[in-house]
Amino acid sequence: MDYMTEKTPPVREDRLGTGIAFGGTSCELRHAQKEGCINLASRSFSQTQGCQFTLSLAIINTLRNAVIIMHGPIGCGSCSIGAVGTSQTFKRLRDPNAEGLIWLNTNLNEADVIGGGEEKLKEAIRYADREFRPETICIPVSCVPALIGDDVDAVISELRGETAATLIPIHCSGFKTKAMATAYDDVYHGVLRNLVRKPKRRLDEQAVRDDVDDLKRKYRDSRTVNLLNVGSMSKQDENELERLLRAIDLNVRWLPCYSNAEDFRYALESALNVSICGTHDDYFIEHLKTLYDIPFVIDTMPIGRKNTARWLLKIAEFFGLEDDARELADKESGELDAALAQFRLALKDKTVFLGGGEIRIIATAEILQDLGMRVIGFKGHHYDQFAEPLYDSLENIDDVIFNVATQQPFEQINLVKRLKPDLYIGHTGGGNLSAKQGIPLLPIFGPSYNYMGYSGAFDVARRISRIMSNYQFNKKIAKHCPLPYRESWYEKNPFHYIKKED
Ligand code: SF4
């Protein structure tokens with residue numbers, strides 16, 4: 001894969017045949033994906049859709065020593081206000097001296113739509129460089145400048161010699177695609193083209209005297225993996241995965257979230273790139289293979305006992321450490337199995353509906369089956385080939401209903417009302433709806449909680465057990481806060497508006 005000569009990456013509908021509309025069983029969906037039939041499906045009515053600009057910010061807002069200039073009207077990315085406090089906290093968990101989130105907006109108005117927004121962007125870049133002295137300035141470009149034809153790349157070329165900061169344009173206008181996860185490709189595209197460079201190492205006499213240190217570094221790098229984290233992961237998740245890899249004598253570098261410019265450069269010296277979520281990082285690590293010949297692993301997500309063991313083993317195989325990894329996984333799995341027994345009694349046969357990213361929901365289902373719970377429905381933001389390896393950890397999943405829908409709350413509400421799950425595990429934005437249906441809820445991710453690895457499986461079980469033992473609050477919400485849909489909608493098929501082809 002090499003799209004580096006292009007100004008923007010291709011949209012996922014074209015690159016991966018991603019689907020955003022489906023209603024049927026998991027078995028039918030897997031078949032449709034393999035046949036390429038989900039790619040053309042759409043809706044004759046759509047309630048809400050995701051904006052890739054805001055999803056790009058999920059990575060960009062975490063970068064350290066960076067200023068973000070959102071080029072667009074003031075509303076684009078304004079949701080970042082909600083992340084200001086947590087961003088600083090999460091950054092400081094990785095680097096106690098890190099700055100909080102610094103973002104500006106070029107505030108395009110009606111006059112700019114006529115006259116263009118390039119001058120405002122120049123002014124904002126000069127201001128950010130002078131005022132904050134960051135290492136990098138990221139410039140996510142929203143719908144309006146893309147529509148009116150602002151030449152952001154030309155602006156950046158003009159200012160490059162003038163600013164101390166590295167300038168990174170991110171072309172992520174919200175209207176470009178319905179497959180919202182294209183947002184990740186947009187960020188990685190900007191990072192690959194503007195930030196990723198081989199580190200400069202000293203070649204002078206001192207460096208020759210440092211030969212031994214250099215050899216040590218090279219040995220360390222040959223045992224180092226780049227772990228591609230996601231914005232929804234917590235520091236506890238990172239600690240857990242790092243603990244497992246260190247136990248088999250491997251070192252870890254984290255990218256891209258909470259990294260700074262230097263991390264991207266030194267990452268080019270690692271032996272292996274490892275995905276945690278195929279949806280998130282295939283574009284990046286495939287390019288690192290093409291451009292810098294670094295091998296990679298994209299397989300399952302390390303959530304649940306089987307998925308974690310498989311993920312660990314795939315990494316270990318590359319270094320010839322399979323025996324060590326197997327021994328570790330067996331020991332951890334045995335201990336976790338015993339620890340989960342206390343929850344199984346109360347949770348056995350309880351039914352669950354999961355909504356969120358395709359990788360995350362299928363991976364999390366493994367923990368639920370491990371607890372003896374029954375998965376009765378999935379709702380995934382989109383669907384593509386990266387979901388396939390995750391089914392290996394599940395049993396009796398073929399007949400489970402799968403709705404592919406980015407947001408589309410009306411479909412979720414109808415489906416959940418029919419299926420009547422005992423628990424809803426879902427993405428931010430979906431939980432408030434099912435709270436109004438009086439169902440206990442667990443967020444599918446949370447950057448303050450542990451979900452991954454063995455400790456994550458225990459923590460998810462513990463939290464489910466607590467949440468399900470008392471959900472009076474949701475019952476009260478259901479009683480006093482009715483949903484806005486008419487009875488006639490509940491009588492219709494939840495997939496009534498999905499069209500098989502355009
Ligand atoms: S205008 Fe475009 S980029 Fe801005 S919030 Fe709306 S869809 Fe997203």
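**Figure 1. Buried area between domain 2 and domain 3 in a predicted model**. About 1200 Å² is buried between domain 2 and domain 3. Carbon and sulfur atoms give 61% of that area. In domain 2, the residues that lose the most area to domain 3 are Ser-232, Asp-237 and Thr-279. Together these three make up 37% of what the domain 2 side buries. The centres of the two domains, taken over C-alpha atoms, are 29 Å apart.

**Figure 2. Contacts across the boundary of domain 2 and domain 3**. Domain 2 spans 223-298 and domain 3 spans 339-499. On the domain 2 side, 16 residues are in contact; on the domain 3 side, 17. Nine residue pairs between the two domains are in polar contact, both residues at pLDDT 80 or more. The salt bridge count between them is zero.

**Figure 3. The domain 2 side that touches domain 3**. Two elements give two or more residues to this side: helix H12 (235-247) and helix H14 (278-292). H12 gives the most, with six residues. By class, this side of domain 2 has six nonpolar, six polar and four charged residues.

**Figure 4. Arg-94 and its contacts**. Arg-94 lies in helix H4, residues 84-94. Leaving aside neighbours within four places in sequence, Arg-94 is in contact with Met-233, Ser-234, Lys-235, Glu-238 and Tyr-258. The side chains of Arg-94 and Glu-238 are joined by a polar contact of 3.0 Å.

Figure 5. Asp-370 pairs with Arg-305 in a salt bridge. The closest N and O atoms of the pair are 2.8 Å apart. The model's salt bridge count comes to 34.

**Figure 6. The shell around the ligand**. Cys-51, Phe-53, Cys-76, Ser-142, Cys-143 and Gly-174 surround the ligand. The shell divides into four nonpolar and two polar residues. No charged residue is part of the shell.

Methods
Residues are numbered from 1 along each chain as its sequence is written. This is a predicted model: local features need pLDDT of at least 70, side-chain atom pairs count only at pLDDT 80 or more; totals for chains, interfaces and linings use all residues. Side-chain values use heavy atoms; hydrogens and water are left out. Domain bounds come from an automatic or database domain assignment. Contact means heavy atoms within 4.5 Å. Buried area is the accessible area (1.4 Å probe) that two parts lose on being put together, summed over both. A salt bridge is a side-chain nitrogen of Lys or Arg within 4 Å of a carboxyl oxygen of Asp or Glu. A polar contact is a pair of N or O atoms within 3.5 Å; within protein, one must be able to donate a hydrogen and the other to accept it, and residues adjacent in sequence count only if both atoms are side-chain atoms. Helices (H or I, at least four residues) and strands (E, at least two) are DSSP runs, numbered from the N terminus. Ala, Val, Leu, Ile, Met, Phe, Trp, Tyr, Cys and Pro count as nonpolar, Asp, Glu, Lys and Arg as charged, and the others, Gly among them, as polar. A residue is near a molecule or strand if one of its heavy atoms lies within 4 Å of it.
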